[in-house]
Amino acid sequence: MSITPLAGIRILDFSHILAGPYCTRLLADFGADVIKVESRTRPDMTGALRPGEQVEGRQDRPPLFLNTNRSKQSITLDLKTEAGREIAARLAASADVVVENFSTRVMGRLGLDYPSLSAVNPQLIYLSLSGYGHTGPRKDWTSMNMNLQAHSGLMLATGEAGGPPVAISNSWNDYMGGIHGAFAIIEALAERRKTGHGANLDVSQFECSVATLGGLLTACSVNQKAVPRPGNRCSHHAPQGLYRCAGEDEWCALVVETDGQWQALKTLIGHPELEAAELNEIEGRQAASRRLDQLIEAWTEKQDSRALDQVLKQAGVPASRMNRIADVMGLAEAARAFPTLDDPDDIPRRVAGLPIRWDGLRSQLRPAPRVGEHTESVLGDWLGLTPAAIEDLDREGALR
Amino acid sequence: MARVLDLTTETGAYAARLLVEAGHDVVRIEPPQGDSLRRRGPFLEGAPPLEASADHHFLNAGKRSLTLDLTVEAGRQILLRLVEAADLVVANLPLPIKVNDLMQARPGLIFIGIEGDGHELCTAARTGILSITGQPGERPSVPGAHVIQAVVALHVATTASAALYAKDQTAQGQKIIVSEAECLVAMMEQAMVTWTTTGKSTERKGYRGAVTAVSGAFACADGYWMLSVPPSGDGWSRFVEWMGDPRLGQDGALGSEASRNAEKENILETIDRWSASQRKLDLVTQGQGRHIPATPVNTPLELTNDPQLIGRGFLRDVDHPLLGTMRLPVGAIAALRGAAPVRAPVLGEHSREILCELGYSDEERRSLMETGTV
């Protein structure tokens with residue numbers, strides 16, 4: 001028997017760009033009905049193409065939007081109009097969950113903040129996914145992904161001691177905020193089932209990111225002293241590193257976890273200096289790790305990274321060549337993480353799926369909606385509005 | 001409140017920690033010599049060996065600790081008794097007991113197994129994460145503080161939450177596998193979209209932004225600050241007014257994101273020169289005053305005095321029987337719920353209590369402890 005964990009859960013999604021839309025995509029994958037509220041005058045511009053950039057397939061939305069917002073429905077409301085705001089509030093009255101990631105005061109100005117909506121629908125679960133949260137001295141600070149990668153400490157926890165800060169060159173912080181938000185919503189739904197009460201989930205993306213560095217922060221807080229950046233080394237294995245290989249920007253990672261793996265590695269390298277007895281134990285290898293890195297790299301930089309990957313693995317030494325996205329796409333993991341979406345109106349498109357294997361889960365990939373594709377059906381189903389009433393609203397400009 | 005058994009090693013520990021923050025009862029099952037997390041640095045100064053790992057203090061906070069030797073039959077029998085009363089087991093695979101034995105011990109059990117070899121650096125290399133982390137042309141770096149393990153754990157926690165919520169939809173047990181490598185490949189989705197639609201490979205950009213044209217860390221007198229100019233809206237004109245450099249404002253030639261992308265290197269160099277002699281906090285305060293996303297590039301040590309983290313109750317004082325009062329992060333979900341701060345258990349701290357709950361007599365308990373099973 002297959003199950004749909006969030007079957008029948010209605011999510012009214014005012015979020016845009018990535019953190020919020022990634023959060024609601026996860027919820028859609030667990031079976032929730034996600035209604036994306038857009039505006040024809042100010043559409044979600046995520047992934048907008050640069051002038052002159054051309055792509056195949058659907059042209060109504062950029063490829064990144066199609067990926068982030070698949071499996072959702074779209075309605076258009078002009079929240080600048082009284083009538084548009086009223087429809088939004090009525091939809092929220094029959095929603096289970098509202099998600100928004102505007103800056104602090106926006107939803108309040110629209111009369112769509114938690115106090116306004118929960119007065120009508122006390123069972124509502126309301127997720128605000130702002131940069132810093134809606135309380136505290138920096139609640140009005142504005143931020144984007146890179147700001148929070150920087151502020152959370154991640155960029156100065158990554159890379160070599162003394163070197164410049166290092167970011168992960170994707171929207172890492174949005175993913176951290178989005179997935180914490182999804183977890184918070186499902187837990188709040190479970191709580192509501194027991195208590196009958198909704199919840200105001202004031203999630204701070206900043207705190208989500210900081211939490212993923214919680215142990216490091218704990219060390220700094222208790223010792224009141226900086227922890228040296230370890231680069232690619234670790235406290236309990238040596239040698240461990242990413243070593244240069246032959247060719248342009250080619251690298252291979254290897255980790256020696258056991259004395260046996262060390263024996264295998266030094267046999268492969270065959271350098272007399274590696275025969276020193278003190279290197280047979282982890283303490284000796286830790287103490288000599290700088291020199292070991294030099295000797296290992298002198299060996300790896302003459303070798304092809306793919307061949308080296310195989311040679312090391314065959315010798316029992318944990319290793320992996322550094323793959324780029326083109327290589328990653330050929331992995332079995334990518335076949336599962338990036339399934340192909342079938343849409344009669346589009347080319348076959350690889351999209352991000354839910355990267356878990358759960359046989360009992362009924363989950364279906366559906367194409368991202370066209371702008372306002374579901375306005376009529378949602379207003380009909382949720383609010384019981386007739387086509388004539390919807391047409392009136394449209395004439396008033398509420399549905400732009 | 002669900003009853004959760006935590007059989008994870010390093011990768012999954014944050015998943016069970018999130019379930020603690022959400023109010024569930026989590027028992028961490030450790031080998032009698034303590035788990036590997038307790039041996040991972042950085043360490044708290046002055047703490048006894050198995051109670052010193054900072055990651056242990058954060059990731060195991062609020063869990064109950066039971067030591068159990070799963071290499072012997074008696075230990076596995078106790079585990080099965082625990083499973084009989086549990087709703088959810090999260091574990092790193094492989095386990096010293098068959099997963100099907102666990103599923104049989106408790107009809108309707110939710111089991112989430114984490115698959116992967118736990119070699120963080122190798123997994124980062126394989127999945128492409130290293131290819132987008134580091135200075136261009138230089139040696140790539142694994143993301144710090146084990147944040148890629150947190151990604152896997154977040155997928156586990158969210159899936160656990162969904163499976164628990166769906167418990168009344170089926171009487172059947174649910175066996176779910178989360179693969180470390182698949183979760184990290186999934187973090188490459190932006191690079192995947194770019195590659196499959198334009199054929200361009202996303203490469204590492206160091207401290208500069210990957211998506212927005214004018215985005216990156218810039219050196220200043222006392223470290224680095226981070227600036228992102230929003231690609232749309234009037235952020236750019238507000239920034240130009242702030243900087244007051246006529247070369248950037250001329251004729252509105254850089255008014256669009258596309259034109260800024262074309263002139264990116266020039267713009268970034270101009271900002272570098274402008275901010276080099278200014279102080280981080282001044283730049284950030286002035287920028288935020290103009291609603292421009294400007295923030296400090298913090299060291300983790302600087303964060304321990306962050307007014308927002310303290311003001312929101314994310315950093316709170318916690319008492320520990322061996323270590324005294326410590327100011328610790330309570331976690332994003334706990335902060336949200338206003339939950340009382342909790343501390344990590346001493347090794348085996350709750351073994352006796354948990355055996356009592358399972359109905360073992362005093363005599364049985366003593367014998368299990370003497371033989372080293374517990």
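This is a predicted model: local features need pLDDT of at least 70, side-chain atom pairs count only at pLDDT 80 or more; totals for chains, interfaces and linings use all residues.
Reader: Hi! Which residue follows helix 1 of chain B, and is its phi positive or negative?
Author: Helix 1 of chain B is followed by B:Gly23, and the phi of B:Gly23 is positive, near 105 degrees. Helices here are DSSP runs of H or I with at least four residues, strands are runs of E with at least two, and both are numbered from the N terminus. Residues are numbered from 1 along each chain as its sequence is written, and chains are lettered from A and ligands numbered from 1 in the order in which they are written.

Reader: Which domains is chain B divided into?
Author: Chain B has domain 1 (3-186 + 344-370) and domain 2 (215-296), with bounds from an automatic or database domain assignment. The C-alpha centres of these two domains of chain B lie 44 Å apart. In chain A, the assignment gives domain 1 (10-214 + 338-396) and domain 2 (240-324), and their C-alpha centres lie 44 Å apart.

Reader: Switching to helices: at what angle do helix 1 and helix 7 of chain A pack?
Author: Helix 1 (residues 19-29) and helix 7 (residues 172-195) of chain A pack at about 45 degrees, with axes 8 Å apart. An axis is a line fitted to C-alpha atoms over the stretch in contact, and angles run from 0 to 180 degrees between N-to-C directions. The two helices of chain A are therefore oblique to each other; under 35 degrees counts as roughly parallel, over 145 as roughly antiparallel, 65 to 115 as roughly perpendicular and the rest as oblique. Residues in this contact include A:Tyr22 and A:Leu26 of helix 1 and A:Gly178 and A:Ile185 of helix 7.

Reader: How close do the axes of helix 7 of chain A and helix 6 of chain B come?
Author: The axes of helix 7 of chain A and helix 6 (residues 147-165) of chain B come within 9 Å and cross at roughly 20 degrees. That makes helix 7 of chain A roughly parallel to helix 6 of chain B. Among the residues that meet are A:Phe183 and A:Leu189 in helix 7 of chain A and B:Leu154 and B:Tyr165 in helix 6 of chain B.

Reader: Last one: why is A:Leu379 called buried?
Author: A:Leu379 is buried because 22 other C-beta atoms lie within 10 Å. A:Leu379 is in helix 16 (residues 375-383) of chain A. The C-alpha atoms of A:Leu379 and A:Ile87 are separated by 8.5 Å, though these residues are 292 residues apart along the chain.

Technical notes
A residue is buried if 20 or more other C-beta atoms lie within 10 Å of its own, exposed if 12 or fewer, and partly exposed in between; C-beta atoms are placed from the backbone. Two residues are in contact if their C-beta atoms, placed from the backbone, lie within 7 Å.
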